[in-house]
Amino acid sequence: MTTTITFSLATARELVYLIAIAGFILALKGLGSPKFARRGNQLGAAAATLAIAMTFTLPTLRHSGKNLVLALVAMALGTLIAVPVARMVKMTAMPQLVAIFNGVGGGAAALISVVELLHLHALGAKPATYVTAEVLLGVLIGSVSFSGSAIAFIKLQELITGRPITYPGQQVINGVVGVAIGALIVVALLTGNIVFVYVLLLLALVLGVIFVLPIGGADVPVLISLLNSFTGLAVAASGFVLDNNLLIVAGTLVGASGIILTRLMSSAMGRSLPNILFSAFGAVITATGGEEGDASRPVRSGTAEDVGVLLAYARKVVIIPGYGLAVAQAQHTARELADALTAKGVEVFYAIHPVAGRMPGHMNVLLAEANVPYDELKEMDEANPEMSTADVALVVGANDTVNPAAQSTPGSPIYGMPIIHADEAEHIIFLKRSMRPGFAGIDNELLYDPKTTMLFGDAKDTLGKLVAAVADA
Amino acid sequence: MTGIVAYLTVFVLAAFVGIEVVSKVPSILHTPLMSGSNAIHGIVLVGSLLIMGEAHGTAQVVLGFLAVFLATLNVVGGFVVTDRMLEMFKGKPNERVRPPKDDGPGTPA
């Protein structure tokens, strides 16, 4: 009788996992369409909740006493931290938050593989070679994702420079780490000695760091997408280790779709994935310009009053928002300015670069938050043909996305990225805090263009002054 | 060994499904999709719970505890943050009309 109950409960659990799998597939499908995205995500959350709840019917977990309590404590702790952080974090800090949540998932997957191996060894069983292989894969991919995401976070948070970090002997070091990892895997497979797994864990953490350091800040979002895919694969690997279809399918779904998404993102930037990942390796970045020498070149800086008049009497004004607008929390003031201009009969629209902000689609989220109507947002491809007929291109806290070097300077790190052609407008107004280069760390010729007027200062303050100036004009 | 082949079959099929499902996504949804799929791999929490159930000895329990904690951050934070992002994408872009006039000063009639 007992066995019957255990059996049916086990079957029920497998069936619930199957329902969760279907839920995840539908969730991913929904997330790809603007209409169903939110419902898709909620469906995914429901599927995950169901599967997690059902896991507690597992006899080993239910009767594990102290372990059960500890698991509940860990879950409570995680929830208590994750919910407020996810709810309170500023929309501008979203990319680094996604990086962190991704990294910890990779870390969990790596730990699962390690613990399962420890468990098998403690039982005195020498695991089959393919089990060891699964463990090694889980440890390798999960750890790379964990430390890589951590570095991505540090870069996006600007705790270290967003520029590609290169150092002498970089290729040699990468090569040594790569070979060492390969050798370790072979030795670990042959001997089955658990010490090699620990060493692999450490080396994989190092690999994650040295893999991400040379990637430029502007490319980090694509990298996060790739690491997201890695974590998916690490989760799938731990599914293999634990003989669990739910983890295999969910992890593989994310792994495969993540690769596709990464490709979509890099093509939105006009770059190939290898170019993004490896362009800084070995090569010294040319055309970095940098801060030095900036002061010596003449730029024209104007007053809000003059620019206000220019805007008020323009026919067509294009606002090109960038991350600086988001940092200054100026999206609401930008909307006020657009409204004030529209009231004066000026045609206004926003030209949105696909990677404006810090992630593809980031700017759309930020402007949606400020209630800017969708019909005033034009995607880059739609906006560019109209740029030559614009009287004013108002660049608010953007830099790299309007940098002509992306089209004209083959050595530039952003070469090949499509840009918004602010340079084609009659007048160009830059709202910028300083002459510092953008996130990609490269100088922008457009700042020195004779058509350009600089308005230095906090984007929100400056926009506020412009609103007043437009009203007076 | 048949077990591993069955799992490999599932793996390959799931990979094809994953590729099919996101073949075309508008760029405005790239960030939410990344974040949403990030939440989905948070299901690794189920795996963390499984190992916690059978963990013996300090090392296994400590690492298992850590795995449960990290996975919870991933799954809970992932879904919450994605929902917050998507909250702002109400309706299809073209269906959305300008908010009513009482929206604020300077809104044109």
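How many Å apart do the C-alpha centres of domain 1 of chain A and domain 2 of chain A lie? They lie 37 Å apart. Keep in mind that this is a predicted model, where local features need pLDDT of at least 70, side-chain atom pairs count only at pLDDT 80 or more, and totals for chains, interfaces and linings use all residues. Residues are numbered from 1 along each chain as its sequence is written, while chains are lettered from A and ligands numbered from 1 in the order in which they are written.

Let's start with chain A. Its domain 1 covers 96–284 and its domain 2 covers 304–472, with bounds that come from an automatic or database domain assignment. Each domain puts 14 residues into the contact between them; two residues are in contact if their C-beta atoms, placed from the backbone, lie within 7 Å.

Now look at where chain A touches chain B. Here 106 residues of chain A meet 84 residues of chain B. On the chain A side, helix α10 (residues 245–268) gives the largest share, 19 residues. Helices here are DSSP runs (H or I, at least four residues), strands are DSSP runs too (E, at least two), and both are numbered from the N terminus.

What about chain B itself? You'll find four helices and zero strands there, so to speak an α-α-α-α pattern when you read along the sequence. Of the 109 residues in chain B, 54% are buried, meaning that 20 or more other C-beta atoms, placed from the backbone, lie within 10 Å of the residue's own. And if you take contacts in chain B between residues at least 6 apart in sequence, 60% join residues at least 24 apart.

Conventions
Buried ≥ 20, exposed ≤ 12 C-beta atoms within 10 Å, placed from the backbone.
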